[in-house]
Amino acid sequence: MAGRPGYVTVPILSVLAAIGYVYYTAVFLAIPAWLGLATAAGVANAVAFTALAAACVATYAVAVSRDPGRVPPAFLPDVEDAESPIHEIKRKGGDLRYCQKCSHYKPPRAHHCRVCKRCVLRMDHHCIWINNCVGHENYKIFLVFVLYAVVASLYSLVLVIGGAVHSLPKNEQLGSDSSRTSIIICGVFLCPLALALSILLGWHVYLIFHNKTTIEYHEGVRAMWLAEKAGNLYHHPYDLGVYENLVSVLGPNALCWLCPISRNTGNGIRFRTSYDIPLSTPPI
(Lines give C-alpha, C1' and ligand atoms only; values in the text may rest on other atoms or scores of the structure.)
Protein backbone atom coordinates (compact mmCIF):
# COMPACT_ATOMS: atom_id res chain seq x y z
CA MET A 1 0.00 0.00 0.00
CA ALA A 2 1.36 3.42 -0.93
CA GLY A 3 1.96 5.85 1.89
CA ARG A 4 1.47 9.58 2.00
CA PRO A 5 4.02 11.67 0.07
CA GLY A 6 7.17 12.23 2.08
CA TYR A 7 6.80 8.99 4.03
CA VAL A 8 9.18 6.05 3.76
CA THR A 9 7.31 3.13 2.20
CA VAL A 10 8.05 -0.48 1.29
CA PRO A 11 8.90 0.41 -2.36
CA ILE A 12 11.40 3.03 -1.15
CA LEU A 13 13.02 0.54 1.21
CA SER A 14 13.10 -1.97 -1.65
CA VAL A 15 14.96 0.48 -3.90
CA LEU A 16 17.50 1.25 -1.15
CA ALA A 17 17.93 -2.46 -0.42
CA ALA A 18 18.49 -3.18 -4.13
CA ILE A 19 21.13 -0.44 -4.34
CA GLY A 20 22.88 -1.81 -1.24
CA TYR A 21 22.75 -5.39 -2.50
CA VAL A 22 24.16 -4.54 -5.93
CA TYR A 23 26.84 -2.32 -4.39
CA TYR A 24 27.98 -5.00 -1.95
CA THR A 25 28.08 -7.71 -4.62
CA ALA A 26 29.92 -5.55 -7.16
CA VAL A 27 32.51 -4.02 -4.82
CA PHE A 28 33.14 -6.79 -2.26
CA LEU A 29 32.54 -9.90 -4.38
CA ALA A 30 32.83 -9.22 -8.13
CA ILE A 31 35.78 -6.82 -8.12
CA PRO A 32 37.91 -8.96 -5.74
CA ALA A 33 37.15 -12.08 -7.79
CA TRP A 34 38.00 -10.38 -11.08
CA LEU A 35 40.59 -7.66 -10.47
CA GLY A 36 41.39 -7.88 -6.77
CA LEU A 37 40.89 -4.98 -4.39
CA ALA A 38 44.67 -4.75 -3.81
CA THR A 39 45.37 -3.88 -7.44
CA ALA A 40 45.27 -0.43 -9.01
CA ALA A 41 42.50 -1.49 -11.39
CA GLY A 42 40.46 -2.95 -8.55
CA VAL A 43 40.79 0.16 -6.39
CA ALA A 44 39.96 2.45 -9.32
CA ASN A 45 36.80 0.50 -10.19
CA ALA A 46 35.75 0.31 -6.53
CA VAL A 47 36.15 4.07 -6.10
CA ALA A 48 34.35 4.85 -9.37
CA PHE A 49 31.44 2.55 -8.58
CA THR A 50 31.21 3.88 -5.02
CA ALA A 51 30.94 7.43 -6.34
CA LEU A 52 28.27 6.36 -8.82
CA ALA A 53 26.30 4.53 -6.13
CA ALA A 54 26.52 7.58 -3.86
CA ALA A 55 25.19 9.77 -6.70
CA CYS A 56 22.28 7.36 -7.17
CA VAL A 57 21.39 7.45 -3.47
CA ALA A 58 21.71 11.25 -3.27
CA THR A 59 19.57 11.97 -6.35
CA TYR A 60 17.04 9.36 -5.26
CA ALA A 61 16.73 11.00 -1.83
CA VAL A 62 16.11 14.38 -3.45
CA ALA A 63 13.50 12.94 -5.83
CA VAL A 64 11.72 11.39 -2.85
CA SER A 65 11.84 14.44 -0.60
CA ARG A 66 11.46 17.38 -3.01
CA ASP A 67 7.97 18.78 -3.49
CA PRO A 68 6.95 18.33 -7.15
CA GLY A 69 5.31 21.76 -7.27
CA ARG A 70 2.23 23.24 -5.61
CA VAL A 71 -0.32 25.51 -7.24
CA PRO A 72 -0.22 28.94 -5.55
CA PRO A 73 -3.46 29.51 -3.58
CA ALA A 74 -3.98 32.88 -5.25
CA PHE A 75 -3.54 31.63 -8.80
CA LEU A 76 -6.12 32.97 -11.26
CA PRO A 77 -5.86 32.59 -15.05
CA ASP A 78 -5.86 35.90 -16.91
CA VAL A 79 -7.57 35.40 -20.26
CA GLU A 80 -6.61 38.94 -21.29
CA ASP A 81 -2.89 38.42 -20.65
CA ALA A 82 -1.13 39.06 -23.97
CA GLU A 83 1.87 37.01 -22.82
CA SER A 84 -0.29 33.88 -22.55
CA PRO A 85 -1.33 33.08 -26.14
CA ILE A 86 -3.22 29.91 -25.20
CA HIS A 87 -5.31 28.76 -22.24
CA GLU A 88 -6.10 25.17 -21.43
CA ILE A 89 -9.83 24.47 -21.17
CA LYS A 90 -11.98 21.53 -20.16
CA ARG A 91 -12.68 18.90 -22.80
CA LYS A 92 -16.38 19.19 -22.09
CA GLY A 93 -17.94 22.63 -21.89
CA GLY A 94 -14.85 24.61 -22.86
CA ASP A 95 -14.53 26.28 -19.45
CA LEU A 96 -11.19 27.10 -17.85
CA ARG A 97 -9.78 24.11 -16.00
CA TYR A 98 -10.92 24.16 -12.37
CA CYS A 99 -10.18 21.53 -9.72
CA GLN A 100 -13.28 20.80 -7.68
CA LYS A 101 -11.29 18.87 -5.07
CA CYS A 102 -8.68 21.57 -4.48
CA SER A 103 -11.13 24.45 -5.13
CA HIS A 104 -8.83 26.45 -7.39
CA TYR A 105 -8.06 26.92 -11.06
CA LYS A 106 -5.42 24.73 -12.65
CA PRO A 107 -2.40 26.35 -14.33
CA PRO A 108 -1.40 24.99 -17.73
CA ARG A 109 -0.05 21.43 -17.58
CA ALA A 110 -1.10 20.98 -13.93
CA HIS A 111 -3.16 17.95 -12.92
CA HIS A 112 -4.75 16.60 -9.77
CA CYS A 113 -3.07 13.56 -8.23
CA ARG A 114 -5.47 11.16 -6.54
CA VAL A 115 -2.67 9.73 -4.39
CA CYS A 116 -1.17 13.02 -3.23
CA LYS A 117 -4.69 14.52 -3.06
CA ARG A 118 -3.63 17.84 -4.59
CA CYS A 119 -2.81 19.46 -7.91
CA VAL A 120 0.78 19.19 -9.13
CA LEU A 121 2.50 21.65 -11.48
CA ARG A 122 3.49 20.11 -14.84
CA MET A 123 2.59 16.69 -13.51
CA ASP A 124 4.17 13.77 -15.33
CA HIS A 125 3.01 10.82 -13.21
CA HIS A 126 2.83 9.55 -9.66
CA CYS A 127 5.69 7.15 -8.96
CA ILE A 128 5.25 4.56 -6.21
CA TRP A 129 9.00 3.95 -6.16
CA ILE A 130 9.61 7.43 -4.77
CA ASN A 131 6.19 7.76 -3.07
CA ASN A 132 5.88 11.12 -4.74
CA CYS A 133 4.61 12.78 -7.87
CA VAL A 134 7.05 13.60 -10.64
CA GLY A 135 6.30 17.22 -11.46
CA HIS A 136 7.84 20.54 -12.35
CA GLU A 137 10.13 20.86 -9.33
CA ASN A 138 11.54 17.34 -9.23
CA TYR A 139 11.27 16.12 -12.83
CA LYS A 140 14.87 16.95 -13.64
CA ILE A 141 16.27 15.29 -10.52
CA PHE A 142 14.12 12.24 -11.25
CA LEU A 143 15.56 12.08 -14.77
CA VAL A 144 19.13 12.45 -13.47
CA PHE A 145 18.53 9.66 -10.96
CA VAL A 146 17.24 7.33 -13.69
CA LEU A 147 20.28 8.17 -15.83
CA TYR A 148 22.69 7.44 -12.96
CA ALA A 149 20.78 4.24 -12.19
CA VAL A 150 21.08 3.05 -15.80
CA VAL A 151 24.83 3.74 -15.86
CA ALA A 152 25.28 2.07 -12.46
CA SER A 153 23.27 -1.01 -13.44
CA LEU A 154 25.22 -1.47 -16.68
CA TYR A 155 28.53 -0.85 -14.91
CA SER A 156 27.71 -3.32 -12.17
CA LEU A 157 26.55 -5.86 -14.75
CA VAL A 158 29.97 -5.70 -16.42
CA LEU A 159 31.69 -6.14 -13.04
CA VAL A 160 29.42 -9.03 -12.10
CA ILE A 161 29.97 -10.83 -15.41
CA GLY A 162 33.72 -10.41 -15.06
CA GLY A 163 33.59 -11.62 -11.47
CA ALA A 164 31.48 -14.65 -12.39
CA VAL A 165 33.85 -15.65 -15.19
CA HIS A 166 36.98 -15.35 -13.06
CA SER A 167 35.63 -16.79 -9.78
CA LEU A 168 36.09 -20.44 -10.75
CA PRO A 169 35.09 -23.16 -8.28
CA LYS A 170 38.65 -24.44 -8.14
CA ASN A 171 39.73 -21.27 -6.39
CA GLU A 172 41.14 -22.19 -3.02
CA GLN A 173 39.80 -19.09 -1.26
CA LEU A 174 37.32 -19.77 1.55
CA GLY A 175 33.72 -19.37 0.45
CA SER A 176 34.55 -19.03 -3.24
CA ASP A 177 31.60 -21.23 -4.25
CA SER A 178 29.07 -19.15 -2.29
CA SER A 179 30.62 -15.93 -3.58
CA ARG A 180 30.33 -17.11 -7.17
CA THR A 181 26.70 -18.10 -6.57
CA SER A 182 25.95 -14.67 -5.10
CA ILE A 183 27.58 -12.99 -8.09
CA ILE A 184 25.52 -15.07 -10.53
CA ILE A 185 22.28 -14.32 -8.65
CA CYS A 186 23.09 -10.61 -8.73
CA GLY A 187 23.71 -10.85 -12.49
CA VAL A 188 20.33 -12.48 -13.02
CA PHE A 189 18.74 -9.70 -10.97
CA LEU A 190 20.58 -6.96 -12.88
CA CYS A 191 19.58 -8.06 -16.39
CA PRO A 192 15.84 -7.20 -16.19
CA LEU A 193 16.61 -4.22 -13.94
CA ALA A 194 19.02 -2.67 -16.43
CA LEU A 195 16.57 -3.32 -19.27
CA ALA A 196 13.62 -1.75 -17.42
CA LEU A 197 15.63 1.31 -16.39
CA SER A 198 16.98 1.76 -19.92
CA ILE A 199 13.45 1.67 -21.34
CA LEU A 200 12.30 4.18 -18.73
CA LEU A 201 15.21 6.49 -19.55
CA GLY A 202 14.56 6.21 -23.28
CA TRP A 203 10.88 7.03 -22.75
CA HIS A 204 11.63 10.20 -20.82
CA VAL A 205 14.32 11.27 -23.30
CA TYR A 206 11.64 10.97 -26.00
CA LEU A 207 9.25 13.06 -23.89
CA ILE A 208 11.88 15.74 -23.31
CA PHE A 209 12.70 15.95 -27.02
CA HIS A 210 9.01 16.73 -27.64
CA ASN A 211 8.50 18.76 -24.43
CA LYS A 212 5.70 16.49 -23.27
CA THR A 213 4.74 14.85 -20.02
CA THR A 214 3.46 11.30 -19.83
CA ILE A 215 -0.06 12.66 -19.30
CA GLU A 216 0.27 15.03 -22.28
CA TYR A 217 1.50 12.19 -24.48
CA HIS A 218 -1.65 10.15 -23.83
CA GLU A 219 -3.82 13.25 -24.21
CA GLY A 220 -2.02 14.06 -27.44
CA VAL A 221 -2.79 10.64 -28.90
CA ARG A 222 -6.49 11.32 -28.46
CA ALA A 223 -6.17 14.92 -29.69
CA MET A 224 -4.31 13.75 -32.80
CA TRP A 225 -6.99 11.17 -33.52
CA LEU A 226 -9.77 13.75 -33.15
CA ALA A 227 -7.87 16.25 -35.32
CA GLU A 228 -7.30 13.71 -38.09
CA LYS A 229 -10.95 12.71 -37.88
CA ALA A 230 -11.93 16.33 -38.50
CA GLY A 231 -9.36 16.74 -41.27
CA ASN A 232 -7.01 18.92 -39.22
CA LEU A 233 -3.43 18.61 -38.03
CA TYR A 234 -2.50 18.44 -34.34
CA HIS A 235 0.63 20.11 -33.01
CA HIS A 236 1.69 19.92 -29.38
CA PRO A 237 1.67 23.58 -28.31
CA TYR A 238 4.71 23.28 -26.02
CA ASP A 239 6.96 21.67 -28.65
CA LEU A 240 9.55 24.35 -29.45
CA GLY A 241 12.09 22.20 -31.27
CA VAL A 242 14.58 19.72 -29.79
CA TYR A 243 17.13 22.21 -28.44
CA GLU A 244 14.57 24.64 -27.04
CA ASN A 245 12.72 21.72 -25.48
CA LEU A 246 15.91 20.58 -23.76
CA VAL A 247 16.55 24.11 -22.52
CA SER A 248 13.01 24.52 -21.18
CA VAL A 249 13.27 21.29 -19.17
CA LEU A 250 16.95 21.04 -18.23
CA GLY A 251 17.95 24.70 -18.11
CA PRO A 252 19.86 27.14 -20.35
CA ASN A 253 23.34 25.94 -19.32
CA ALA A 254 24.15 22.67 -21.09
CA LEU A 255 26.98 22.01 -18.63
CA CYS A 256 24.40 21.81 -15.82
CA TRP A 257 21.89 19.60 -17.61
CA LEU A 258 23.03 16.54 -15.69
CA CYS A 259 23.91 18.43 -12.51
CA PRO A 260 21.67 17.16 -9.69
CA ILE A 261 21.74 20.44 -7.75
CA SER A 262 20.31 22.70 -10.47
CA ARG A 263 16.56 23.12 -10.77
CA ASN A 264 14.07 23.32 -13.61
CA THR A 265 13.45 26.46 -15.62
CA GLY A 266 10.54 28.75 -14.78
CA ASN A 267 7.93 28.72 -12.04
CA GLY A 268 5.75 25.93 -13.40
CA ILE A 269 2.76 28.23 -13.97
CA ARG A 270 3.52 29.78 -17.33
CA PHE A 271 5.29 28.05 -20.22
CA ARG A 272 6.52 29.14 -23.61
CA THR A 273 4.54 27.75 -26.51
CA SER A 274 5.05 27.41 -30.25
CA TYR A 275 2.68 30.38 -30.64
CA ASP A 276 5.03 32.75 -28.87
CA ILE A 277 6.73 35.30 -31.15
CA PRO A 278 9.64 35.43 -31.35
CA LEU A 279 10.74 31.93 -30.28
CA SER A 280 14.19 33.27 -29.39
CA THR A 281 12.73 35.02 -26.34
CA PRO A 282 14.17 33.51 -23.15
CA PRO A 283 11.76 31.21 -21.23
CA ILE A 284 9.58 32.89 -18.66
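Me: Is Arg118 buried or exposed?
Reply: Arg118 counts as buried, because its relative accessibility is 13%. Buried means under 20% relative accessible area, exposed means over 50%, and partly exposed is in between, with a 1.4 Å probe and protein chains only. Keep in mind that this is a predicted model, where local features need pLDDT of at least 70, side-chain atom pairs count only at pLDDT 80 or more, and totals for chains, interfaces and linings use all residues. Residues are numbered from 1 along each chain as its sequence is written, and side-chain values use heavy atoms, with hydrogens and water left out.

Me: Which side chain does Arg118 meet in a salt bridge?
Reply: That would be Asp67, at 3.1 Å from N to O. Arg118 lies in strand 4 (residues 118-120) and Asp67 in the loop between helix 2 and strand 1 (98-99), so the pair ties together parts that are 51 residues apart in sequence. A salt bridge here is a side-chain nitrogen of Lys or Arg within 4 Å of a carboxyl oxygen of Asp or Glu. Helices (H or I, at least four residues) and strands (E, at least two) are DSSP runs, numbered from the N terminus.

Me: What else is linked with Asp67 and Arg118 in that network?
Reply: Arg70. Its salt bridge with Asp67 has the closest N and O atoms 3.0 Å apart. Arg70 counts as exposed because its relative accessibility is 53%, while Asp67, at 30%, counts as partly exposed.

Me: How many salt bridges does the structure hold?
Reply: There are 4. One of them joins the side chains of Glu216 and Arg109, at 2.7 Å from N to O. Glu216 lies in helix 5 (residues 214-229) and Arg109 in the loop between strand 2 (104-105) and strand 3 (111-113), so this pair ties together parts 107 residues apart in sequence. Both Glu216 and Arg109 are buried.

Me: New topic: how many helices and strands are there?
Reply: The protein chain has 6 helices and 6 strands. Along the sequence the pattern reads α-α-β-β-β-β-β-β-α-α-α-α. Of its 284 residues, 40% count as buried.

Me: What about helix 3, how many of its residues are buried?
Reply: 20 of its 28, so helix 3 is mostly covered, going by the under 20% cut-off for buried. Helix 3 runs over residues 139-166 and reaches 41 Å from its first C-alpha to its last, close to the 40 Å expected at 1.5 Å a residue. That expected span is 1.5 Å times one less than the number of residues.

Me: And which residues have the most contacts inside the largest nonpolar core?
Reply: Tyr60 and Ile130, in a core of 25 residues. The largest share of this core, 8 residues, comes from helix 3. A nonpolar core is a set of buried Ala, Val, Leu, Ile, Met, Phe, Trp, Tyr and Cys residues joined through side-chain atoms within 4.5 Å.

Me: Last one: where does the largest share of the lining of the second largest pocket come from?
Reply: Helix 3 again, with 7 residues. The lining has 27 residues, and among those nearest the centre are Phe145 and Leu193. A pocket is an open set of points on a 1 Å grid over the protein atoms alone, where a 1.4 Å probe fits, with protein on both sides within 12 Å along at least five of seven lines; lining residues have an atom within 4 Å of a point.
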